[in-house]
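Student: I have a model open and want to learn how to read its features. Can we go through them one at a time?

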Amino acid sequence: MPDLYAFTDGACSGNPGPGGWGVLLQAKDGDRVVKEKELCGGEPETTNNRMELMAATEALNALSKPSRVTVVTDSSYVKDGITKWVHAWKRNGWKKKGGLKNVELWQALDAAAARHQVTWEWVKGHAGHPENERADELARAGMAPYKG
């Protein structure tokens, strides 16, 4: 059975401004990629953090059945939020002192992740990681229709 990976990224031109999200899904047998799928989308007025959350959520929602998947993101906001902070937010009724931004996206990501066995990995963005660079290109493609 191949290992599944979802490389995700978000991009924004201005913050807020037009933005996009990108996902590179790969099924690997060892180091060999046996299947690949690219996804992207965007919004006319958004933030980088919202696009990072959308990328991770769309990646997990694209999997047609419960799967073991590694989500690779360059967003510590997404990785820390879903692995550390989300538990307290849920206990507190999706609230936090000072307000919780992007609550509907965190709820969507939490629901999407609950259907799978997810391992979350962080990589440094714009540092030559080939799959992260592809996810960034996809995010920029998703943003392109919304740029003036």
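Student: Which residues does Ser67 touch, not counting residues up to four places away in sequence?

Tutor: First, the ground rules. This is a predicted model: local features need pLDDT of at least 70, side-chain atom pairs count only at pLDDT 80 or more, and totals for chains, interfaces and linings use all residues. Residues are numbered from 1 along each chain as its sequence is written, and side-chain values use heavy atoms, with hydrogens and water left out. Contact means heavy atoms within 4.5 Å. On that basis, Ser67 touches Leu4, Arg115, His116 and Gln117.

Student: Where is Ser67 found, and is Ser67 buried or exposed?

Tutor: Elements are DSSP runs, numbered from the N terminus: helices are H or I with at least four residues, strands are E with at least two. Ser67 sits in the loop between helix 1 and strand 4. Ser67 has 13%, so Ser67 is buried.

Student: How do I read a pocket, and what volume does the largest pocket have?

Tutor: Work on a 1 Å grid over the protein atoms alone. A pocket is an open set of points where a 1.4 Å probe fits, with protein on both sides within 12 Å along at least five of seven lines; lining residues have an atom within 4 Å of a point. Grid points are joined across faces, edges and corners, and the volume is the space filled by probe spheres set on the points. Here the largest pocket has about 390 Å³. Of its 15 lining residues, Leu4, Ala27, Lys35, Leu63 and Ser67 are the closest to its centre. Strand 2 and strand 3 (32-46) are the elements giving two or more residues to that lining.

Student: Which residues have the most contacts inside the largest nonpolar core?

Tutor: A nonpolar core is a set of buried Ala, Val, Leu, Ile, Met, Phe, Trp, Tyr and Cys residues joined through side-chain atoms within 4.5 Å. The largest has 28 residues, and Leu60, Trp106, Leu109 and Trp120 have the most contacts inside it. Helix 1 (48-61) is one of the elements that supply at least two residues. Helix 1 gives the most, with seven. Leu109 touches residues including Leu53, Leu60, Ile82 and Trp120, again leaving out those up to four places away in sequence. Another core, of six residues, lies apart; Val72 and Leu138 are among them.

Student: In which sense do strand 1 and strand 2 pair?

Tutor: Two strands pair if DSSP finds at least two bridges between them. Strand 1 (residues 3-12) and strand 2 are antiparallel, over 10 bridges. Phe7 stands opposite Leu24. Strand 1 and strand 4 are parallel, over five bridges, with Ala6 partnered by Val71.

Student: Which peptide bond is cis, and what is phi of Trp94?

Tutor: Most residues other than glycine have a negative phi, and most peptide bonds are trans. The bond from Asn15 to Pro16 is cis, with omega near 15°. Pro16 lies in the loop between strand 1 and strand 2. Phi of Trp94 is near 60°, a positive value. Trp94 lies between helix 2 and helix 3 and counts as buried, at 18%. His126 also has a positive phi, near 55°, but His126 is exposed, at 55% relative accessible area.

Technical notes. Buried means under 20% relative accessible area, exposed over 50%, partly exposed in between (1.4 Å probe, protein chains only).
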